[in-house]
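Dear colleague,

I am handing over the structure below, together with some notes on what turned up when I went through it. Please read the notes with the model open beside you.

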Amino acid sequence: MKKLIAVLMALCMLVSAVCLFASCDKKDENTLVMATNAAFPPYEYKDGDKIVGIDAEIAAAIADKLGMKLEIVDVDFGAVLTGVAEGKYDMGMAGITVTDKRKESMDFSNTYATGIQVIIVNDGSPIATLDDLWNFDENGDPVSLKNPDIKIGVQQDTTGDIYSSSAIKDWGFNDLNEDESIKTDRVIRYKTGAEAVAALKSGKVDCVIIDNEPAKSFVAANEGIHILAGDNEYAVEDYAICVDKGNTELLDKINKALDELKADGTIDGIINKYIPKDGGAQ
Amino acid sequence: MESIQAWFADLAADFRLNFIDGAMWKWLVQGLRNTLVITLFALLLGVVLGVVVAAVRSSYDKNREAMALHKGFGYYLFTFINGICKLYLTVIRGTPVMVQLLIMYFIIFASSRNDILIATIAFGINSGAYVAEILRGGIMSIDNGQFEAGRSLGFNYVRTMIYIIIPQVFKSVLPTLCNEFIVLLKETSIAGYVGVMDLTKAGDLIRGRTFSAFMPLIAVALIYLVLVVVLTALVGVLERSLRKNER
């Protein structure tokens, strides 16, 4: 009996010690925790063990304005969104596109950049133009796949994924979702864009749909692939910072800082540093 | 009372958001199907590989001394095959299954587009190594007197194995094998990393669409739990029926 009590007490001590350690890690009021997915050049990527890129620098400038310490957490893209919506992180900044569906679960700041979805294919691919990939409707919006055997590689949970996954309907994105012809198994979802590109190069998928700036980085870093030429303007997107739904206090501060940074040219400076003008920043 | 009602209403709304709206439960069904397919065929492949490797390894260990007396061609061939089996066990047990899966996907079967097949092969080869060692342990644990009894009854080595040793081995390794199958089932949850739509990935996708973590994760956890409980129950029935002759 004594032994049992001793063991129980030891367990209690262990548990309380663990709790103590866990609570030590509690959020510091003066730290701004930003969640990102550091595999999305030039917006955020790893340079050595540091996370750099447009979002990282803008976030640092915002934290500076707010007089807070910036802490960047690198997680999967989907975890950025869920983590912010669940209140685990203060804000998410990962080239996040504002969509109606996302607005239901989180609040977005003012836009600080825009992107478009582009398509990367292998050199010599049978997909030579957008018309080889999509059937378009009378408005010029893509509505279905030309060839049902085509496999599309995307980064999971990004707009490229949402956009391609039409079997599950009504994500508030566009008409593409109304069409059943692209089944879910035509869309192969990878954790990062780089993995999707690796799969494209070995022929596992026929094309990769991703935002244009990361696409340019991937094409520059890999031989034998190129971005499909053509008018992709149907998918222009606004990038913004997201915070937990209802956290207007932080959102107002971020918006104020963003406006000031825009006005004094800091944001343009950062964007131009990573995206040279002749590269055709959108 | 009202707060409890509100809580249930919240839960129901959460449930609708995560599974009913946009028919996202279909993803779970598709994921469950793929998980079951991968597990089942990986299990078959693992058992076949395991039986072959265990047979080679234990036969070699049991007969090495006898064969070493007159070192013929068979002895060297057997030593070579045994060496390959050992290499297989070392490599598979010495590297994480996640790495093996990525190697299979991006290097060995780089040009294949059948992702589920690749995942099945990767998990099957992985599981085979563990099954082999479980079986070998079972075979080696049978008292040598059983072999001697078989041989003195006029059975040769193979017949002794089939009629006397294997039935005893099967019974004693069943709980450990069941354990390995449970591990295999849960290990398939990493298949999502190579784009395979398994159960975990399905939950992941729902989470990425609804931005709520609770429902999809709990649902996926419950489905795995039910699968393992059913699997355990089935093995339990088998164990009991095998024990009938002991009464």
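How are α2(A) and α9(A) oriented to each other: roughly parallel or roughly perpendicular? Please keep in mind throughout that this is a predicted model. Helix α2 (residues 54-66) of chain A packs against helix α9 (residues 248-263) of chain A at an angle of about 110 degrees, with the axes 9 Å apart. Because angles from 65 to 115 degrees count as roughly perpendicular, α2(A) and α9(A) are therefore roughly perpendicular to each other. The crossing in which α2(A) passes α9(A) is right-handed. On the side of α2(A), the residues that take part are Ala61(A), Ile62(A), Lys65(A) and Leu66(A), and in α9(A) they meet Lys253(A), Ile254(A), Ala257(A), Leu258(A), Glu260(A) and Leu261(A). Sorted by class, this contact has seven nonpolar and three charged residues, with no polar ones.

Turning to the strands, β7 (residues 106-122) of chain A is mostly covered, since twelve of its 17 residues are buried. β7(A) pairs with strand β14 (residues 236-244) of chain A in the antiparallel sense over eight bridges, and there the bridge partner of Ala113(A) is Tyr239(A) in β14(A). Four bridges also join β7(A) to strand β12 (residues 207-211) of chain A, again antiparallel, with Val118(A) partnered by Ile210(A) in β12(A). Strand β13 (residues 225-227) of chain A is joined to β7(A) by three bridges and runs antiparallel to it, and Ile120(A) stands opposite Ile227(A) in β13(A).

Strand β11 (residues 187-190) of chain A is covered on both faces, with Val187(A) and Arg189(A) buried on one side and Ile188(A) and Tyr190(A) buried on the other. β11(A) pairs in the parallel sense with strand β10 (residues 152-155) of chain A over four bridges, and Arg189(A) is the bridge partner of Val154(A).

There is also an open sheet of three strands in chain A, in the order β2-β3-β4, with antiparallel pairing. β2 (39-40) and β4 (50-52) of chain A each have a single partner strand and stand at the edges, so one side of each is left without a neighbour in the sheet. Two bridges join β2(A) to strand β3 (residues 44-47) of chain A, and Ala39(A) has Tyr45(A) as its bridge partner in β3(A).

Finally, the contact between the chains takes 22 residues from chain A and 16 residues from chain B. On the chain B side, helix α8 (residues 199-210) of chain B gives the most, with three residues, and by class that side has eight nonpolar, five polar and three charged residues.

With best wishes

Notes: Residues numbered from 1 in each chain as written. Chains lettered and ligands numbered in written order. Predicted model: local features only at pLDDT ≥ 70, side-chain atom pairs only at ≥ 80, totals over all residues. Contact = placed C-beta atoms within 7 Å. Nonpolar A, V, L, I, M, F, W, Y, C, P; charged D, E, K, R; others polar. Axes fitted to C-alpha atoms, helices over the stretch in contact; angles between N-to-C directions. Parallel < 35°, antiparallel > 145°, perpendicular 65-115°, else oblique. Left-handed = near helix turned anticlockwise from the far one by under 90°. Pairing = 2+ DSSP bridges. Buried ≥ 20, exposed ≤ 12 C-beta atoms within 10 Å, placed from the backbone.
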